[in-house]
Protein chains: 2
Amino acid sequence: MPQLTASIIIIGNEILSGRTQDVNIQFIAQRLVNLGIRLESVTIIPDVHEIIIGTINNLRKKHTYIFTTGGIGPTHDDITSKAVAAAFNLPFEPHSEAYKILLNFYGKKAFTPARQKMTFMPRGAILIDNTVTSAPAFQVENVYVLAGFPKIMREMFKNLEITLKIGDPIFSNSTHCHIAESIIAQGLEVIQQQHPCLDIGSYPFYESDTNNGTSLVVKGTKKSSIDTAIIKIEQLIIDYGGTPLTDNEFQRPQKT
Amino acid sequence: MPQLTASIIIIGNEILSGRTQDVNIQFIAQRLVNLGIRLESVTIIPDVHEIIIGTINNLRKKHTYIFTTGGIGPTHDDITSKAVAAAFNLPFEPHSEAYKILLNFYGKKAFTPARQKMTFMPRGAILIDNTVTSAPAFQVENVYVLAGFPKIMREMFKNLEITLKIGDPIFSNSTHCHIAESIIAQGLEVIQQQHPCLDIGSYPFYESDTNNGTSLVVKGTKKSSIDTAIIKIEQLIIDYGGTPLTDNEFQRPQKT
C-alpha cells in the first residue's frame, strides 16, 4: 500500500501573535502515528482569505489528508469555511443538516444570524459531529475543516478518524542515557547507516546539571529491525560507560 | 517604513511525530510582536535535505527575516546547517571562529569529529552566541539558524534580536466577558467594519460550565483607535447584560 500522508494547516492570528500556545498539532500528530499516516508538514497561517485558499490548494493535491484547525466559529474573524468553498470553487451556502442541528440546539428564537453563519459550508460538505458545542465541522474531499478550540477539535478528530484509511503501522522504541549526544554521535551514525530503513532520532535533554543526557528514538515499519538497532544503541551507551534507561526508568522532561 | 515580516521554519521529525510539544513558536512570536515585526507564517518540516532547502528558498525572498529551529547539533540527524549552505549555494566548511570557541570549550582531546561537526557552516556565516552550551548558531543573509532545544534557542534569540530592525510598534488591548461569542458576534462585526485598520479577534474560552465566555483582542498601530474600539466592545458587552473584564480581572485559561 502506498504511504498515507497528511498535512495540517493551523489558521489563526492568535497563534502567529504568540497569544495562544498551539496544542492541536501534537494531538493530531500522535493520532496520525497510531493510524499509520505520516504527517509531512504543518503550516500556520493568518486569517486571510487568499492565504487560506492558496495554502489549501497548494497542499491538498500532495497529501492523502489535510486537516485545518480554526476559523469556523460565528464571529467576523471566522473565515475558514468560506475560503475552503472558494478553494474548491464550490457555492458557499447553508448546509441543511447543519441547519437542523443548530436550530434544534439553540431553538428558533436564539438562532441568530451569527449562529446561522456556522451552518454555511461548501456545497456537498460531509458533516463531522461536534459533541461538545453542537456546531459541526465538515469535510470536502480530502480536506477536514475543524475547530481551533482544543477540546472541541479533539472530539471532532475522534469522530472523523474512524473514516480514515489506516496505513502500515509505524513502530517505535526508545532508550535513554545520561551521556551527551556528542559523545555517542559517531557510533550512532554507524548504526543509522547499518539500518537505512529506520529513522534514528537523537534528542538531548537537560533537566538539571545532574539530570541531563540523550533520548534515542528508533522508528520504522519492521519491529525486529527496531529491536536490533535498540540493542546496538544500548551497547553503544554501555561502551561509553553509561546505563541504558527504559521509558519507565526515564522521566522525560515535559517543560524545557 | 515598509512592514517588517518574518517566517519561522521548525525543522524536526520529533514535532511531526507528536513526540515533542513545540514551544519555540510562541516564544519567537511574542518577541517579534515586541519588535514590530509581523510573523506571517510558520512551517514545520521533517529532517529531509531537499525539503529544508526548498522551504528556505521558497520563504527567504518573501520575508524580512527567516528563523529556523532544530537540526544544528552533533548527531547524524542534524542536517540543517548543510541544507542551509546548499540553499544559498555556499561551501559547507568549518567556521574558524566557531572552531576556536568549541576547541576552547571541549579541549583538544575531547574535540571529537562529532563535536567538530558543529563548526561546519555555510561560508561567511555570522555567528550567534550560544551562552548555554557554547556551540554557536549562525546567520546567512536574512536567515537565522537556531537550535531546537528551547532553553538554548531562547538564549540565541535574545543574543540575535539586538541586530534586528525594529518596525512600527503593534499595540494591543483586550477585554473579556462571560458571554458566548455567538451572542456578540453581529455587534462585533459592525465595530470591525467601523475600524478597518484594526484587527479584532474573538477567542472563546471554556474553563468550566460556569467560567466560560469570550476574549476580545484588538490590535493595530494606532493606540487611540484601539482604545475607541475597546470602549465600543465594552458597551456591546454591557448591552448584552455582561460585564467587561480587564486582563487583571480575567484569568485566561492556560491549558484548554
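**Notes on the A–B interface and the sheets**

1. Let's start where the chains meet: across the interface of chain B and chain A, the rule finds 18 residue pairs in polar contact, both residues at pLDDT 80 or more. A polar contact here is a pair of N or O atoms within 3.5 Å; within protein, one must be able to donate a hydrogen and the other to accept it, and residues adjacent in sequence count only if both atoms are side-chain atoms. The count of salt bridges between chain B and chain A, on the other hand, is 0 (a salt bridge being a side-chain nitrogen of Lys or Arg within 4 Å of a carboxyl oxygen of Asp or Glu).

2. Before going on, keep in mind that this is a predicted model, where local features need pLDDT of at least 70 and side-chain atom pairs count only at pLDDT 80 or more, while totals for chains, interfaces and linings use all residues. Residues are numbered from 1 along each chain as its sequence is written, chains are lettered from A and ligands numbered from 1 in the order in which they are written, and side-chain values use heavy atoms, with hydrogens and water left out.

3. How much area is buried between chain B and chain A? About 5000 Å², with carbon and sulfur atoms giving 55% of that. Buried area is the accessible area (1.4 Å probe) that two parts lose on being put together, summed over both. As for residues, 61 of chain B are in contact with 61 of chain A, contact meaning heavy atoms within 4.5 Å.

4. One place to look at is strand S2 (residues 37-45) of chain A, which is joined to S2(B) by 3 bridges, the two running antiparallel. Val42(A) has Ile44(B) as its bridge partner there. Two strands pair if DSSP finds at least two bridges between them; strands (E, at least two residues) and helices (H or I, at least four) are DSSP runs, numbered from the N terminus.

5. Now for chain B's open sheet: it has 3 strands in the order S9-S11-S10, with antiparallel pairing. Strand S9 (171-177) and S10 of chain B are at the edges with a single partner strand each, so one side of each has no neighbour in the sheet. The twist from one strand to the next averages 20°.

6. Zoom in on S10(B) and S11(B), which form a hairpin with 5 residues between them. These antiparallel strands are joined by 8 bridges. On the S11(B) side, Tyr206(B) has Asn212(B) as its bridge partner, and Pro204(B) has Thr214(B). H8(B) lies across S9, S10 and S11 of chain B, running at about 170° to S10(B); axes are lines fitted to C-alpha atoms, for helices over the stretch in contact, and angles run from 0 to 180 degrees between N-to-C directions.

7. Chain A has an open sheet of 3 strands too, in the order S9-S11-S10 with antiparallel pairing. Its edges are strand S9 (171-177) and strand S10 (199-206) of chain A, each with a single partner strand, so one side of each is left without a neighbour in the sheet. S9(A) is joined to strand S11 (residues 212-220) of chain A by 7 bridges, and Ser174(A) stands opposite Val217(A). Helix H9 (residues 223-239) of chain A lies across S9, S10 and S11 of chain A, at about 5° to S9(A).
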